[in-house]
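Open the model in your viewer and keep the sequence panel beside it. We will go from stop to stop, selecting as we go.

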Amino acid sequence: MNRQSQTCKIFLMAVALIFAIGSSFGQTSTFTTSGSFNVPAGVTSITVECWGGGGRGGSAILNGVSEAGGGGGGGAYSKKIVVVIPGNSYSVVVGVGGYDDVTLNGGDSYFINTGTIIGRGGNGVATNALPGGNKGAGSIGNGDSGYDGGRGARGRGCCVGGGGEAAAGQRRES
C-alpha cells in the first residue's frame, strides 16, 4: 500500500469519526411559555428539566407605616430522562411567577402531566405580610433529581423587601 493511499484512508476514517460524533450531539428546546414538544424522528428518550415559577414578593403597610414585604419563595427544579415516541407531540406547561393578591404562588412547570416530571412553584407573600414565602417543594418521586426552591427572606424596614432564593436548596434524588 503506498503512502498516498494510506493517508487517504486515515483521512476518510477521521471524517467518518467526526460525522459519527457530530450526529450524536443532541438538540435543545427551551420553552418560556406553555406549548407542545414535537419529538424528532429517531429520538426515543429526552432529558427534561423543569423550573417552577417563583412566588410573589409582598408589600406591607402596618400600623399606617409603609414596610417592605417578604420575598417570594423560589420555584423548585427537577430533571428526568423521559421515554418518548418519535413523531408524537407532548404537552409542556411553564409555570408563571406569582404577580398579584389573587395569584400569589408561582405556577408548577411540567412535561406531559404532573405525574411525569414537575418543578413546583414557590409560595408567594400576601399583602401586609413581612415574613418571606415558603420554598417550592422538589419533585420527590417523579424526577430523577432536583432541588427545592429557596425560601423568601423577611422584609426589612421601610424600603427593602426580602429576596427570594433560586432553586438551589436541598437536593432531591429518587
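Select Tyr77 to begin: does Tyr77 count as buried or exposed? Tyr77 counts as buried, because its relative accessibility is 10%. The cut-offs are these: buried means under 20% relative accessible area, exposed over 50%, and partly exposed in between, with a 1.4 Å probe and protein chains only.

Some ground rules before moving on. This is a predicted model, in which local features need pLDDT of at least 70 and side-chain atom pairs count only at pLDDT 80 or more, while totals for chains, interfaces and linings use all residues. Residues are numbered from 1 along each chain as its sequence is written, and side-chain values use heavy atoms, with hydrogens and water left out.

**The whole chain**

Zoom out and colour by secondary structure. Along the sequence the pattern reads α-β-β-β-β-β-β-β-β-β-β. Helices (H or I, at least four residues) and strands (E, at least two) are DSSP runs, numbered from the N terminus. Of the 174 residues in the protein chain, 33% are buried. Take contacts between residues at least 6 apart in sequence: 67% of them join residues at least 24 apart. Contact here means heavy atoms within 4.5 Å.

**Around Tyr77**

Return to Tyr77, in strand β5. The ring centres of Trp51 and Tyr77 are 4.8 Å apart and the planes stand at 45 degrees, so the pair is tilted. Rings of Phe, Tyr and Trp (its six-membered ring) pair if their centres lie within 6.5 Å; planes under 30 degrees apart count as stacked, over 60 as edge-to-face and the rest as tilted. Trp51 sits in strand β2 (residues 45–51) and Tyr77 in strand β5 (residues 77–83), 26 residues apart, so the pair links distant parts of the chain. Trp51 is partly exposed, at a relative accessible area of 49%.

Ser78 counts as buried, at 0% relative accessibility. A polar atom of its side chain lies 2.7 Å from the backbone oxygen of Ile118.

**The core**

Select Phe37, Val39, Ile46, Val48, Cys50, Val82, Val84, Tyr90, Val92, Phe111 and Ile117. These eleven residues make up the largest nonpolar core. Such a core is a set of buried Ala, Val, Leu, Ile, Met, Phe, Trp, Tyr and Cys residues joined through side-chain atoms within 4.5 Å. At least two residues of this core come from each of β2 and β6 (89–93). β2 gives the most, with three. In soluble globular proteins, nonpolar side chains tend to be buried together.

Which residues form one aromatic cluster? Phe37, Tyr90 and Phe111 do. Centre on Phe111. Beyond its neighbours within four places in sequence, its contacts include Ser91 and Thr116.

**The sheet**

Four strands form an open sheet in the order β1-β6-β7-β8, with antiparallel pairing. Its edge strands are β1 (35–38) and β8, and each pairs on one side only. Neighbouring strands are turned by 20 degrees against each other on average, direction ignored. Axes are lines fitted to C-alpha atoms, for helices over the stretch in contact, and angles run from 0 to 180 degrees between N-to-C directions.

Look at β7 and β8: three bridges join these antiparallel strands. Two strands pair if DSSP finds at least two bridges between them. Phe111 has Ile117 in β8 as its bridge partner.

**Two loop stops**

Select Ile112, in the loop between β7 (109–111) and β8 (117–119). Its phi is near 70 degrees, a positive value in a residue other than glycine. Most residues other than glycine have a negative phi, and most peptide bonds are trans. Ile112 is partly exposed, with a relative accessible area of 31%.

Finish at Asp101, in the loop between β6 and β7. Asp101 touches Arg56 and Thr127, leaving out residues up to four places away in sequence.

Terms used. A polar contact is a pair of N or O atoms within 3.5 Å; within protein, one must be able to donate a hydrogen and the other to accept it, and residues adjacent in sequence count only if both atoms are side-chain atoms.
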